[in-house]
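Work through these exercises with the sequence and the 3D view side by side. Try each task before you read its solution.

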Amino acid sequence: MSEPAFQQALQRYDKGTAERADLKLLTKELLKILVAKAPGHAVEVRVPPYGAVQCIEGPRHTRGTPGAVIELTPELWIDVALGRTTWADARLTGKLRASGERTDLTGLLPLVRT
């Protein structure tokens, strides 16, 4: 993680002044942390338009739509990754779609404490 850049982007995010570049940096860095914490290929986590990763051990996905997919907005991803919103509360927002096995990230969150 590019620590100074991440912290600066996070400060702007907290102030409500984050720009697209800040959201992109925060999203991508937090996705990298998720993959490091839960390597694998069973679940695809999508945070359009900034990134998508495969993580969590299990059956490997190689073609077509993965069997387990999580998709959420950048802002919601940042908030759950930082522990500011619980996974359960995130599901209630309507801004998170999760289908398939192993799509509950509760045990992996928060990724970073701020």
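**Exercise 1.** Leaving aside its neighbours within four places in sequence, which residues is Ala18 in contact with?

Solution. First, note what you are looking at. This is a predicted model, where local features need pLDDT of at least 70, side-chain atom pairs count only at pLDDT 80 or more, and totals for chains, interfaces and linings use all residues. Residues are numbered from 1 along each chain as its sequence is written, and side-chain values use heavy atoms, with hydrogens and water left out.

Step 1: find Ala18 in the loop between α1 (3-15) and α2. Helices are DSSP runs of H or I with at least four residues, strands are runs of E with at least two, and both are numbered from the N terminus.

Step 2: apply the contact rule, heavy atoms within 4.5 Å. With neighbours within four places in sequence left aside, Ala18 touches Arg12, Tyr13 and Leu23 by this rule.

Step 3: check a distance. Gln8 is 10 residues from Ala18 in sequence, and their C-alpha atoms are 9.6 Å apart.

**Exercise 2.** Is Asp22 buried or exposed?

Solution. Step 1: learn the classes. Buried means under 20% relative accessible area, exposed means over 50%, and partly exposed lies in between (1.4 Å probe, protein chains only).

Step 1: locate Asp22 in helix α2.

Step 2: read its value. Asp22 has a relative accessible area of 7%, so it is buried.

Step 3: list its contacts. Neighbours within four places in sequence aside, these are Ala9, Arg12 and Thr17.

**Exercise 3.** Which side chain meets that of Glu29 in a salt bridge?

Solution. Step 1: recall the rule. A salt bridge is a side-chain nitrogen of Lys or Arg within 4 Å of a carboxyl oxygen of Asp or Glu. The structure holds 6 salt bridges.

Step 1: the partner is Lys32, at 3.4 Å from N to O.

Step 2: Glu29 is buried at 11%, whereas Lys32 is exposed at 53%.

**Exercise 4.** Which residues are linked with Glu44 in a network of salt bridges?

Solution. Arg46 bridges to Glu44, with the closest N and O atoms 2.6 Å apart.

Step 1: take Arg97 and Glu71, whose closest N and O atoms are 3.0 Å apart in a salt bridge. Arg97 lies in strand β4 (residues 96-99) and Glu71 in strand β3 (residues 69-72), so this pair ties together parts 26 residues apart in sequence.

Step 2: name the network: Glu44, Arg46, Glu71 and Arg97.
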